[in-house]
Amino acid sequence: MGPQYEYDAIWFGGGAAGRFGAAFHKALGGKPLIVEEHHLGGECHVCRCAFENFFSDQASMAELMRLYSGKSWYPKIDLSNISAAKAAELYREVGQRAFADTMKHQTEKQLGVEVAWGKGNIIDKNIVEVNGKIYKGKNLVIGTGSRPTMPNILGINLPGVMTYIDHPEMRKDPKKMVIIGGGKIGIGKAAMFAPFNIEVTVLEKYTCLPKWDRDIRNFIFRDFKRRGIKIYEGIDVKEIKGKGKVESVVAELDGEIMEFPCDAVMVSIGLTPNSEPAIPLGVKIGKGNEIIIDEGCRTNVPGVYAIGDAAGPPYFMAIARKRGMIAAKNIAGEDAKMDYSFVPDHIYIPPLEATCVGLTEAEAREKYGDVVLIQVPWGPKPEDPKPEEYYPGFENQGLPVCGRMHTLNLLFYGQNRNGLVKAIVDPKSRKYVGFHSVGDGAKTAFQYLSYLLKIGWTVDQMANLHEIFLNAEHFIQLSRLVAGQKELKGFAAQVYLEDDF
Ligand code: COM
């Protein structure tokens, strides 16, 4: 460390990236200091991952109650007075506090990582001041996160315009909400608010969930249609109108001006890295406001690292935390590199969730030519399936995709709503090239599937695993059904459907 430094590294920001980085650094034998103004764990438990997990559970409950109400043995449930604001209140009162306590206890007490609480002021790359106290570190790691990107349009500052940050703060349920931006935050929010009797419209300038497999997108948007969530793609938002508060959103679609009345607007057009605190250090900043780093999370300034969202996309918890770990290793003298291959993606779309890793079918066809699909369900679907009805002639829709408790139930109470899973295989090498799922709880499997993709796992290897039947993603048992084929063909011809939402 050298006598002039008190710490091997000052971790500026104790969010997911900084907290994990500092903990890893300490575990490696280093002496880290975290500088944090608000909470350890950053936005995760305040308004992002943990909050969204909680709020999705609440929304799932509402959506499932609506679906099951009065069916079979379920009592009739009156959902006219349910409240998203009430759900948010519970999280504010209990969730945020409990998580904050746990993060603090785990970091300071259990892991023994020192934290300087307060607003940090970076004096230079080795000196940070917090509440008038000077801390000296040999290295500086910037983990200041990101913030919602705001469009520069009229009315953006009107009361009633919110972002994911304001979601846990909501005190009153809106009646009509317009969501600007149909990426994974916007689409997730649409699915989370709609169950609470809020009329939701999503306006997306280009394409919603553009990187997702078409079948998964179709499944989600077909379900949105059934639930009354409106989606507009290729629409350009011009202005948010209102006298003193939000009253409508004005947008242009195919040259035509449209107005969407609403009492709330959720902006979700992307994220902007919080790179500003690092600028005086002379670090290079990219076009998206991100701190530019190499594979080892080093900036261009020796001894200064950047991790998490502050270093730009992919904006994903695992990447944030792993950037922290890689920076810690390099500070400790290793030569560690980030690996951005096969990063999974996930969206809560209560009562289901969607997860994917690897290539979409379109990408796989482009790269490998013919590919084999191991998928259920597939083929034509009943036009407007009614709950609790059996549809003869749609036998491919009858295969359940199920996870915890809801999805098998959904099969019986809303045929063709329970999910879709799809593995894509290169028939020549018999290796998987992508996994996709929409259903109940498959994300746990995807943590491991991403690794199996990376190591070139084959259909034959998958067939040798031990499934615990019924499970959320079916890949083991479905693969076993076809793995005996010398020339891998998968199931018999699968019908390729047009977009139908
Ligand atoms: C979780 C936050 S709430 S962290 O990633 O564990 O720090």
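Predicted model: local features only at pLDDT ≥ 70, side-chain atom pairs only at ≥ 80, totals over all residues.
**Ligand shell**

I began with the ligand and listed the residues around it, which are A16, R19, F20, G41, C44, H45, M103, M317 and R321. Sorted by class, this shell holds 5 nonpolar, 2 polar and 2 charged residues. I then looked up where the shell comes from: α1 (16–27) and α6 (317–331) each supply at least two of its residues, and α1 gives the largest share, with 3 residues.

A side-chain N or O atom of R19 is 2.7 Å from an oxygen atom of the ligand, and a polar side-chain atom of R321 lies 2.8 Å from a ligand oxygen atom. Taken alone the ligand exposes 260 Å², of which the protein buries 95%.

**Salt bridges**

Next I turned to charged pairs, since side chains of opposite charge can pair when their charged atoms come close. The structure holds 31 salt bridges, and I followed three of them in detail.

In the pair R227 and E63, the closest N and O atoms are 3.5 Å apart.

K104 and E108 meet in a salt bridge at 2.7 Å, N to O. Both lie in helix α3 (residues 84–110), 4 residues apart, which is about one turn of the helix. Here I found K104 partly exposed at 37% relative accessibility, and E108 partly exposed at 25%.

E361 lies in helix α7 (residues 361–368) and K422 in strand β21 (residues 420–426), so the pair ties together parts that are 61 residues apart in sequence. Both E361 and K422 are buried, and I traced them into a network of salt bridges that links D213, D215, E361, R365, D370 and K422.

**Cysteines**

Lastly I searched the whole structure for disulfides and found 0. For C208 the nearest cysteine sulfur is that of C356, 15 Å away, and C208 counts as buried because its relative accessibility is 0%. For C297 the nearest cysteine sulfur belongs to C49, 18 Å away; C297 likewise counts as buried, at 0% relative accessibility.

Definitions and conventions:
Residues numbered from 1 in each chain as written. Heavy atoms only, no water. Disulfide = S-S within 2.5 Å. Buried < 20%, exposed > 50% of the residue type's maximum accessible area, 1.4 Å probe, protein only. Near = heavy atom within 4 Å. Polar contact = N/O pair within 3.5 Å; in protein donor to acceptor, adjacent residues only side chain to side chain. Areas by Shrake-Rupley, 256 points an atom, 1.4 Å probe, with all protein chains shown as cover. Nonpolar A, V, L, I, M, F, W, Y, C, P; charged D, E, K, R; others polar. Salt bridge = Lys/Arg side-chain N within 4 Å of Asp/Glu carboxyl O.
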